[in-house]
Amino acid sequence: MDSYGLKSVSDLPAPLRSTFNFRYFNSLQSECFSACFLSDVNMVISAPTGSGKTVLFELCILRLLSKFISTEGVFNHVKGTLKTIYIAPSKALVQEKLRDWDRKLGSWGINCLELTGDNEFYNIKTIQEADIILTTPEKFDAVTRYRIKDGGLSFFSDIALVLIDEVHLLNDPRGAALEAIVSRLKMISCNPEMKSSVLAHVRFLSVSATIPNIEDVAEWLMVPVQGIKRFGEEMRPVKLTTKVFGYTPAKNDFLFEKRLQNYIFDLLMQYSRGKSALVFCSTRKGAQEAAQRLAQMAMTFGHSNPFIKNREQLERLREVSLSCTDKQMQSYILYGVGYHNGGLAAKDRNLIESLFLSGDIQVLCTTNTLAHGINLPAHTVIIKSTQHFNKEKGLYLEYDRSMVLQMCGRAGRPPFDDTGLVIIMTRRETVHLYENLLNGCETVESQLLSCITEHLTAEIVQLTVSDITRAIEWMKCSYLYVRMKKCPENYAIQKGMPTTRIEKHLQEICVQKVNELSQYHMIWTDEDGFLLKPLEPGKLMTKYYLKFDTMKHIMLAPSSCSIEDALHIVCRAEEIAWIQLRRNEKKILNDINTDKDGRLRFHILGDKGKKKKRIQTREEKIFVLANDCLTGDPLVHELSMSQDMNSVCSNGCRIAKCMKEYFFYKKNYKGAFNSTLLAKCLHQKLWDDSPYLLKQLPGIGMVTAKALLSMGVRSFETLSEADPRKIEIVTGRKYPFGNHIKESLSSLPAKVEMKMEETDCPRQGKSKLVITLTRLLQSLQFTKRHYADMVVGVEEDNLIIFHEKIRLDDFPSPYSATILLSSPPQQGKLTVKADLIFEDFLGIDLHQKVILMKESGSNVVHKHGMKHISSIAHTKDMCVIKDDNKGRLPPPAEQKKASIADIDYVPSFNLLDEEFEESKMPSFKLVDEDIDEDKICGSTAMLVEDDDCKIITERTVFDHIRKKAKSLPILAASNVDPQCSPSLETLTLIRKRNRERQLELDSAIEVLDDMDESNFHWNSVSPAEPRKAEQSRQVDKDLISKCNINTADATSSADLLDPAPEESTSKALAGERIFEHIRKKATNFPVLETPFRIPSPESCLAKKELQCQGSDMKQYYSTVLPKRQRCFSQTMGEIREAESCLGFKSVFSFL
């Protein structure tokens, strides 16, 4: 340390000096000063805890900010153009740095943004304007995965500096997320498209405790030799003393930890000497029980409590305890003892930290959350047991040496103490492992391999990986690849294998994962398995940060998924697999499931369908906890089970939301409806029929909700009508509490009315429903946006036919959507349900139901009704017209936004008499035959892009027909081989059968009648009319004329049918006759305001026939096609079958 002098703060530019409140940097900071502030090299620093590594982060930030200082020394800052990303392993550490940097840099206009689970008040705009983003690895990964289309990765191009605190977190199972996001940054920065951006020259700076393989981390972060800084214990400002105590093991690890609680008080009395102490426990419950035991021991001392120094301290604790929401914590605070863990509310956590820093709380029992760098030092650190429960393996394992060193690093407070004391409580047989603890920790390994499937999917969804070569390149950017080369035996690779073989093994892993994702339809690959594209299930898994196995459970859900089925899927999820069934919890869980009072909606059932008396697995525990919580008044109050319950609800809500979107994607009505409802219930911790629905309002807790229930107020409507003074009397509160309770109703979304009505539909075989939303009352609270899902489904088919997400405070009121769907089959019914499901609140959803019935007289009967529970659907022959203003077609931009395509804006072009049924008409293809019929008449409606549309007008119709008419075949006599002529017996037989069928059938037939040479039209003829025989002969005569028979045979055959055969030869269909008829009909063409495609009648008929296959075929033919038309079709088939050489072709096929 004598080889260089200490650097002074005055070495910084004048505008930046106020950042630090000291004059000189310490020895570690001085040695790193030139690399941190005078260069842009990547750096890795390994040094003991408490040696001042945070200042190195600040020097790098100041290096970045110095670029905004002009030559005149003026600081000209531009928001969000040079971003710093600070990544820490815990929320507590992030929040500590946020407070510190806001204080130091806020006066310069530097905008710091926290991205953790405690802060949900951010959007793309706030992220883009932020200068320093402070986050945890999981949250940063989730934020960059979510809303990718809206610019989730857009701010990446502005990232100039990445600060990684406690980089040895890579060795923890949570380290996989850190590895994934850094690898993502490296991949994107190397993209040629980013060459001109700030990200192309991104700088990495990471710090850690003492680790032996710092060179591996340096290789991963592309750190040059001059950027690697390693420091030993000589840099620790406060010298540590370590004492290790060994204790006799108990029957199991759980009892051993409980026994250690009895020794903590005596150790504090002997070694702490009235100074602050941290007690590290392996579980949240262990920390709470240790604090409870210490408070009980302190209580026995009365006024001579060793943790209370004076009366002023006691008065402060009494006053502060009233603001603590945790009731157990309130009682412990009064004795100078507290506990701290990640499950506490943010308010309580901040309160405890401030009390400990001020010295009002002398002993703080905590989990290892505090070990990760948060600035809560103490004179004495006690590590109660060196084992923790490993969630993945289900066993108690020894702490990593790095974790123990982190805990030890909390000992010693530089401003107050010269030394720090560490007391380690362990088993007798493991004492030797910790006697030389401070010499270093174990090698940092990669944890990416165990969850590489999820992270690879995320990269494919974000399009950073588009093919298999990019996937392999991404894996080579990871820390996993570095460690595979250095220590292959830890990753199932034979030791001593050459580098080329390791790369091949990496490729095999990559291909295996890609094939697995493709097999489960998470991604799409081409035939060669080279190109990779995300599919909707993969996008949803990435968006909601789910495990691969959890997504598979969702995809295997039953089609008629009930709420109970959805809840079972949540209970089997990998995200909450760490929850364990403890021995002391079984009794209360058994009592809850027995449910003598009938509180629960669902129960764990045995083989015979009866309630199980014994809960035996963690899935059963989670199911019972969730049901107990959703009653609104749970029986579980024990700390660890309550925290388990909170985890189930928070993770379950996320899983249920993914399930909801998956069912919407699959058009599954019941599954989407039930999973949407479950997501809301888990979010509010209430069932939708709970008597305590008022708990959803701010300011109303369990006590107030029960009091309101006692006076008959259990819904939002009854609360709005209640008397404020009566509320105050019932709740025992003073004025103006009743007014505040009623004002809480302003947090509800706008009041909306929904109507679903059946209207007359001009199209045969169709039913038309109009759904109208009207905003009755605007929401009084504008700080939060409220959304709802409008879903329309057919119950019988369990299919969604319409779905749209609506923002309730600004949709155009009244808003209407028109839905056309096929009428129900003969003697059948369709139950159409419409639901407006609010996103956050229970008890205000709107439901409508219409039953469409068709009776024998073909009259459709409509029954309307209201209903609370419905389902969701998709019909093959339907269309949706979203119409905000009735009678006006929406513009193309609005059409494209429709979730169900607006395909039936296309009017019907009947060139012939409109009263004829569509199924009786020949095929008039007015547009090219190669139009993709799936886009027009497909089972799934699709949007028609503007550039693919054709505008059909009268002129374009005639131009097209003229073009086709040039290729009209000339129906003249031709020399055909006599062998190909139809035999006399065949024609006689056909004519006889045709006549017999005509006499039997009584329905109308449409045939061509061109008796008048100047007219061309369809005519409806009754079988009883005297012209029947003449028209029948005309049909058979026309059939023969279409077969190109030679003159002699044609004449002889025609004689059998008609005494005047020359009429048939004199009538040739000319284009002008057709044009005259079309001109008459063209006057009724609708005016087209927007481009569209028109489906051909023939393609629509074919589509209808395909839909009627199977069991519905006979019914379809009996109701849609007239019997006489079917007879006519069969006659045509007989000619083709009897004489295959005739080459039958419709005279209208040229159109």
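Where does histidine 379 lie? In this predicted model, histidine 379 is found in the loop that runs between β11 (363-366) and β12 (380-384). Buried or exposed, how does histidine 379 come out? Histidine 379 is buried, because its relative accessible area is 7% and the cut-off for buried is under 20%. Leaving aside residues up to four places away in sequence, histidine 379 touches Tyr271, Ser272, Lys275 and Ser276, along with Ala411, Gly412, Arg413, Asp417, Thr419, Gly420 and Leu421.

**The chain as a whole**

Let's step back for a moment. There are 1151 residues in the chain, and buried ones make up 52% of them. The chain has 40 helices and 28 strands. If you take contacts between residues at least 6 apart in sequence, 71% of them join residues at least 24 apart.

**Aromatic pairs**

Now for the rings. How many aromatic pairs does the structure hold? The count is 23. One of them joins phenylalanine 20 and phenylalanine 22 in a tilted arrangement, with 5.4 Å from centre to centre and 40° between the planes. Phenylalanine 20 counts as buried because its relative accessibility is 7%, while phenylalanine 22, at 31%, counts as partly exposed. Another tilted pair is made by phenylalanine 265 and phenylalanine 301, with centres 5.6 Å apart and planes at 35°. That pair links distant parts of the chain: phenylalanine 265 is in helix α8 (residues 253-272), phenylalanine 301 is in the loop between α9 (284-299) and α10 (311-321), and 36 residues separate them.

| Residue | Relative accessibility | Class |
|---|---|---|
| Phenylalanine 20 | 7% | buried |
| Phenylalanine 22 | 31% | partly exposed |
| Phenylalanine 265 | 4% | buried |
| Phenylalanine 301 | 38% | partly exposed |

Phe20 and Phe22 also belong to a cluster, in which ring pairs link them with Phe25, Phe33 and Phe37.

Lysine 552 lies over the face of tyrosine 520, 4.8 Å from the ring centre. Likewise, lysine 805 sits over the face of tyrosine 787, at 5.4 Å from the ring centre.

**A covered helix**

Which residues of α17 are buried? They are Tyr479, Leu480, Tyr481, Val482, Arg483 and Met484. Helix α17 spans residues 479-486 and is mostly covered, with six of its eight residues buried. The cover over those buried residues includes α6 (175-189), α7 (214-220), α15 (452-461), α16 (468-476) and α18 (499-519).

**Two helices side by side**

Finally, a helix pair. Helix α19 (residues 536-543) packs against helix α24 (residues 639-665) at an angle of about 165°, and their axes are 10 Å apart. Why do α19 and α24 count as roughly antiparallel? Angles over 145 degrees fall in that class, and theirs is about 165°, so α19 and α24 are roughly antiparallel to each other. The crossing of α19 past α24 is right-handed. On the α19 side, Glu536, Pro537, Leu540 and Lys543 take part in the meeting, and on the α24 side the residues they meet are Cys658, Glu661, Tyr662 and Tyr665.

Definitions and conventions:
Residues numbered from 1 in each chain as written. Predicted model: local features only at pLDDT ≥ 70, side-chain atom pairs only at ≥ 80, totals over all residues. Heavy atoms only, no water. Phe/Tyr/Trp six-rings, centres within 6.5 Å; stacked < 30°, edge-to-face > 60°. Buried < 20%, exposed > 50% of the residue type's maximum accessible area, 1.4 Å probe, protein only. Helix = DSSP H or I, 4+ residues; strand = E, 2+ residues; numbered from the N terminus. Lys NZ or Arg CZ within 6 Å of the ring centre and 35° of its normal. Contact = heavy atoms within 4.5 Å. Axes fitted to C-alpha atoms, helices over the stretch in contact; angles between N-to-C directions. Parallel < 35°, antiparallel > 145°, perpendicular 65-115°, else oblique. Left-handed = near helix turned anticlockwise from the far one by under 90°.
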